Amino acid sequence: MGDKGFSVPRWTVVVLFFGTLNLVFGDLSYSIPEEIKRGSVIGNIAKDLGLNRGTFSSRQARVDFDGTRKRYCDINLSTGDLITSDRIDRENLCGNKPSCVIKVDLVLENPLELHRISLHVQDVNDNSPQFNENLIEMEIRESAEKGSRFSMEEAHDADIGQNAIQRYNLQKNDNFILSVDNNKVELVLENKLDREKKNELNLLLTALDGGSPQRSGTVVIHVTVLDANDNAPVFSQDVYKASLPENSPVDTVVIHVSATDADEGVNGDVSYDFGHMSDDAVNVFSIDHKTGEIKLSGVIDFEETSSYETKVKAKDGLGLTSYAKVIIDVTDVNDNAPVIQLKSVSNPIPENAPPGTEVGIINVQDRDSENNRQVRCSIQQNVPFKLVASIKNYYSLVTTGHLDREVVSDYNITIRATDEGSPPLSSSKTVHLSVADINDNPPEFEEQSYSAYVSENNKPGSALCSVSARDPDWRQNGTVIYSLLGGEVNGAPVSSYVSVNGDTGLIHAVRSFDYEQFRSFKVQVMARDNGSPPLSSNVSVSVFISDVNDNSPQILYPAPEGNSFMTELVPKGAHGGSLVSKVIAVDADSGQNAWLSYEIVKSTDPGLFSIGVHSGEIRTQRDISESDSMKQNLVVSVKDNGQPSLSATCSMYLLISDNLAEVPELKDISYEEKNSKLTSYLIIALVSVSTFFLTFIIIILGVRFCRRRKPRLLFDGAVAIPSAYLPPNYADVDGTGTLRSAYNYDAYLTTGSQTSDFKFVSSYNDNTLPADQTLRKSPSDFADPFEDFEASAEVGISNLS
């Protein structure tokens, strides 16, 4: 295709498709003149190949050249034009070869495409004909016959075809004419020479090419007319041919040329020399001037020059010359190993690329010829890649299996190329390929479940445990973020109990836990990566709360002081070991923290009563005697088994008597054991009573006129234990509670009471304390008590079972 008037309009496009590969191979040819100006447009390859020029930049379009590092042309990515980037000299590239072609590869990526472009370099007439010498010396005897021929060396033109030498012109003279036959130039004697008239002649020879504009070269032929020696040297052959392998050592004999002269003596001595030689042959061969032996004086390389052609000149003693042609062919040897070139590669490769994905284009070149340049390529390692022969000396590198970056993240693929020469030569090239990560792995926790143990009453913010998840993906795909899944614990959001550090997975307590409220709970922790889309997994974390001895024993019986006045009657006839009463206590803690022990820390008569260490039962140590005080006060301490242990105390009031009539003043008992602080309270109470005394008297008088006043009970309560004394969160542990036995208490009140409560206690089950039960007595069961306020009171002895 022509452009700007310098290229021949000739181009062809051939597109070949191969299986499922992402390659499009095509041949495109352009003809261009040599010495074209740099930056000239050769053709628009985007248009000629039907490609979208707008994608040239994104697809990294580029051109590569075979067998040379020079870049003769390049691509304008914005226009799609192929432009020249360096001087193109046909004579330098191809010498006198009739055809000169530059092979160019056009490579595009994403997807990978390869197009072969051939640049046919056309010759222009940029070289003039040249003779090997500026002056040609010839000596001819005047006795030479008319029609004698005298050979001379022809001119040379580096151009080819029409631009090469087309004809010669000899300046008009009286003796010689010019004969040209198949580039053999000879002077023909038309009229005999006469030395007496003219002993020297100067002839002007001009060589003309056929270019436009026409170029020419001239040489002067100096002819000396002699008296004798009319015989010139004659070669044994007009053309000598020889061949030798490339890389032959220096001084290797190539060929022997020979010429004879019929003259005798000095006139018959022949010397040899080279005529015109090309630039690449000047320093390669040498000739023995006496023997005509041609030897190798330099390095010959078949890949550089496969054939040499030169003229050999034979000259006798008086200057007569003759010429012969010598053709030397260079034979190829396998001296070039294959060259592996990575034309294009997709790197990195996504790990989810399916088998058969094209990842690169490999070009293999061998500069040798015939079998020496036939190449086999293979991959050395056991890797999920293979080479697929594409077109000419190109191979496609494709995947053969699934890739997994988490298993193998990088591949070093060694490609080996071996030719079929003898001996074979080989070379290798390592291609490094990386596998790009895809978010295909969710985070995986190191354990299937986690357990955290924490003591109750912990500080808010304290660490419970740490969860850890690993994501084998890379960078953000492998970055793990932790969070709590929504849920409730005892009706409250899980976030109000614990929190998790999103970066480290450390779980903290948000509040202080109470073992007596709940002993364990579960939360769900989610580990999520930062990929797109994100992947996640969950794990269960069980939090177990261990008990701390933070609850003192709570005494249920006898009732705490201030709530009611309670006492126990001990028969005077009680024997040693008799059960008198029992201290009942519970502990809200669990385990050994709830194991209770009982001890009498103070008593009126230390040797009279004892208490069971674990049962709390109060028994007599000996028989009751007349000398024992009627009023017995016991201070009992209840301790748990925690570390440190906690305790509580209570006072037990015992009366040694068979009936209440023997008791002069029952309520005085409670005052004997008061501490010193009670005095202050009594004083305040007396002042208050005095203040409201008159008002109280008036109220009493008014009441007596309105209705009869009901009698007060002798004391506020019996031995029944109100249910309010039980802690709401008390529970028996393993069936070994502190309330083990069932007791029934019967209380007989004053006979003068019209309405009295008969209370008793019995255990409904082994683990809970029963509520109050009351049997009310009708007024008819008693005589009028308030008429005789000093009536005797009888109290039945408690029956303990």
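Predicted model: local features only at pLDDT ≥ 70, side-chain atom pairs only at ≥ 80, totals over all residues.
Local features were taken only at pLDDT of at least 70, and side-chain atom pairs only at pLDDT 80 or more, whereas totals for chains, interfaces and linings use all residues. Residues are numbered from 1 along each chain as its sequence is written, and side-chain values use heavy atoms, with hydrogens and water left out.

The secondary structure of the protein chain comprises 5 helices and 54 strands. Both kinds of element are DSSP runs numbered from the N terminus (helices: H or I, at least four residues; strands: E, at least two). The chain has 801 residues, and 44% of them count as buried. Buried denotes under 20% relative accessible area, exposed over 50%, and partly exposed the range in between (1.4 Å probe, protein chains only). The accessible surface of the protein chain is about 41,800 Å². Carbon and sulfur atoms contribute 48% of this surface. Areas were computed by the Shrake-Rupley method with a 1.4 Å probe, and for residues only the protein chains shown count as cover. Contacts (heavy atoms within 4.5 Å) were also examined by sequence separation. Among those between residues at least 6 apart in sequence, 68% join residues at least 24 apart.

Strand β7 was examined together with its partners. Of the 8 residues of β7, 6 are buried, so the strand is largely enclosed by the rest of the structure. Strands are treated as paired if DSSP finds at least two bridges between them. Strand β4 (residues 62-65) runs antiparallel to β7 and is joined to it by 4 bridges. Here V63 stands opposite L106 in β7. Strands β7 and β8 are also antiparallel, with 8 bridges between them. In this pair, I102 has L119 of β8 as its bridge partner.

The term covers a side-chain nitrogen of Lys or Arg within 4 Å of a carboxyl oxygen of Asp or Glu. R116 forms such a bridge with D105, and the closest N and O atoms are 2.4 Å apart. R116 lies in β8 (residues 113-122) and D105 in β7 (residues 101-108), 11 residues apart. Both ends are buried. R116 has 8% relative accessibility, and D105 has a relative accessible area of 0%.

In total, the count reaches 21 salt bridges. Another of them pairs K311 with E154, with 3.6 Å between the closest N and O atoms. K311 belongs to strand β23 (residues 307-315), and E154 to the loop between β10 (149-152) and β11 (165-170), so this pair ties together parts that are 157 residues apart in sequence. K311 and E154 are both buried.

The side chains of R405 and D437 also meet in a salt bridge, at 3.2 Å from N to O. Each residue sits in a loop. R405 is in the loop between β30 (394-399) and β31 (410-419), and D437 is in the loop between β32 (426-436) and β33 (444-445), so the bridge ties together parts that are 32 residues apart in sequence. R405 counts as buried at 12% relative accessibility. D437 is buried as well, with a relative accessible area of 13%.

An open sheet of 3 strands shows antiparallel pairing in the order β18-β22-β21. Its edge strands, β18 (253-256) and β21 (285-287), each pair on one side only. Neighbouring strands are turned by 20° against each other on average, direction ignored. Such angles run from 0 to 180 degrees between N-to-C directions, with axes fitted as lines to C-alpha atoms (for helices, over the stretch in contact). Strand β21 is joined by 3 bridges to β22 (residues 293-296), and the two run antiparallel. I287 has I294 in β22 as its bridge partner.

Other cysteines examined include C73, which counts as buried at 0% relative accessibility. C650 is also buried, with a relative accessible area of 10%.
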